[in-house]
Amino acid sequence: MTRNGIHHVTAIAGPARRNLDFYTRTLGLRFVKKTVNFDDPGTYHFYFGDEAGNPGTILTFFPWDHVAPGRLGVGETSETAFRVPEASIGYWTHRLVEKGVAHEAPVKRFGDTVLAFRDPDGMRLSVVGVPGAESEPAWGGSDVPAEAAIRGFHAVRLLVADAAPTGAILTDVFGFAEAGREDTIVRYKVEGTEVGGIVDVHGAGGFLPARMGGGSVHHVAFRAADDAGQAEMVKKLAANHGIRTTEQKNRDYFRSVYFREPGGILFEIATDVPGFAVDEPAASLGQALKLPRFLERRRSEIEAVLPNLTEAA
Ligand code: ZN
């Protein structure tokens with residue numbers, strides 16, 4: 001069955017251990033994969049998600065110790081929202097206070113309660129209380145109780161000068177349909193996809209362009225079932241929108257092409273296959289440092305330069 005929606009979100013972070021601690025201990029996500037940036041193997045690439053690292057739950061980071069902070073602006077993802085059960089917003093408010101994470105007052109957006117906060121690098125996040133989310137599976141390996149645990153992505157919000165051209169890509173290529181408007185935000189939704197099924201496009205001219213850095217979202221990846229599904233999307237982008245993607249890159253856990261959408265944001269099309277259990281058992285995901293085959297012979301050299309992730313560091 002073909003499923004559309006968000007595959008993963010990739011962002012830039014500061015020190016690796018602080019990033020790892022925040023997403024596993026404060027937010028209670030599973031550490032799904034510990035690998036390196038394939039294009040810069042002295043840098044980690046962390047993947048967080050649900051128990052299996054299903055598409056629609058995966059948030060990934062490139063952590064750099066001395067990264068300069070980013071500046072939010074036009075042509076960037078301005079918020080990454082997680083789904084939580086509606087009744088757990090109170091729990092999350094208390095948890096953020098207890099963990100020393102500053103948050104905004106809860107607000108209603110498109111009928112749901114949204115609690116916005118930032119990660120230690122200033123990345124804009126929120127948890128959104130979704131009716132019925134308590135019946136969806138959640139990672140049970142953290143100290144966040146099952147009735148409050150994060151259920152993957154609710155939505156991403158994109159900040160662009162003009163919402164329409166970005167919306168045209170979402171609807172024509174990625175299977176979204178317009179589902180409502182609130183102020184200057186147009187909501188696009190994939191019918192029948194709960195996790196990772198919403199993109200809010202915020203059309204707002206007059207802002208400065210984004211400057212990538214710590215706390216910035218680097219790109220948003222959308223799902224293709226497999227190589228054939230991806231090729232269909234690539235064809236549509238060229239034929240209907242005059243957009244060319246990169247050649248396909250093998251990311252080991254999925255295969256990807258990239259392009260810049262009309263609003264200036266980097267989009268990726270990532271296959272659902274083969275997934276994160278391709279190079280280690282599902283039960284012990286995220287524990288060992290996994291390297292792509294072409295870097296395996298440099299393992300000791302790479303391990304020597306990667307930042308220390310243990311408490312005593
Ligand atoms: Zn990606």
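Me: Leaving aside neighbours within four places in sequence, which residues is Ala204 in contact with?
Reply: Val74, Leu159, Val160 and Ala161. Contact here means heavy atoms within 4.5 Å. This is a predicted model, in which local features need pLDDT of at least 70, side-chain atom pairs count only at pLDDT 80 or more, and totals for chains, interfaces and linings use all residues. Residues are numbered from 1 along each chain as its sequence is written, and side-chain values use heavy atoms, with hydrogens and water left out.

Me: Where does Ala204 lie?
Reply: In the loop between β12 (198–203) and β13 (217–224). Helices (H or I, at least four residues) and strands (E, at least two) are DSSP runs, numbered from the N terminus.

Me: Does Ala204 count as buried or exposed?
Reply: Ala204 counts as buried because its relative accessibility is 10%. Buried means under 20% relative accessible area, exposed over 50%, and partly exposed in between (1.4 Å probe, protein chains only).

Me: How many residues apart are Ala204 and Ile185, and what is that in space?
Reply: They are 19 residues apart in sequence and 8.9 Å apart, C-alpha to C-alpha.

Me: Now Val217. Which strand is that in, and what does it touch?
Reply: Val217 is in strand β13. Not counting residues up to four places away in sequence, Val217 touches Val9, Thr10, Ala11, Glu76, Thr77, Thr80, Met123 and Met212.

Me: Buried or exposed, Val217?
Reply: Buried, because its relative accessibility is 4%. Val217 and Ala164 are 53 residues apart in sequence and 21 Å apart in space, C-alpha to C-alpha.

Me: Change of topic. How many cavities of 30 Å³ or more does the structure hold?
Reply: Three. On a 1 Å grid over the protein atoms alone, a cavity is a set of points where a 1.4 Å probe fits but cannot get out, and a pocket is an open set with protein on both sides within 12 Å along at least five of seven lines; lining residues have an atom within 4 Å of a point. Grid points are joined across faces, edges and corners, and a volume is the space filled by probe spheres set on the points.

Me: What volume has the largest cavity, and which residues line it?
Reply: The volume is about 90 Å³. The lining includes Glu79, Arg109, Asp112, His154, Arg187 and Asp200. β9 (153–160) is one of the strands that supply at least two residues each, and the largest share, four residues, comes from β9.

Me: How do those lining residues divide by class?
Reply: Five nonpolar, one polar and six charged. Ala, Val, Leu, Ile, Met, Phe, Trp, Tyr, Cys and Pro count as nonpolar, Asp, Glu, Lys and Arg as charged, and the others, Gly among them, as polar.

Me: And the second largest cavity, what is its space and lining?
Reply: About 60 Å³. Among the residues lining the second largest cavity are Leu27, Asp50, Thr57 and Trp139.

Me: What about the largest pocket, which residues lie nearest its centre?
Reply: Asp50, Asn54, Pro55, Thr57 and Val195, out of 19 lining residues. The largest pocket has a volume of about 380 Å³.

Me: Last one, the protein chain. How many helices and strands?
Reply: Six helices and 16 strands. The radius of gyration of the protein chain is 19 Å, close to the 20 Å that the globule rule gives for 313 residues, so the chain is as compact as a globular protein of that length. That radius is taken over C-alpha atoms, and the rule is 2.2 Å times the number of residues to the power 0.38. Buried residues make up 54% of the 313.
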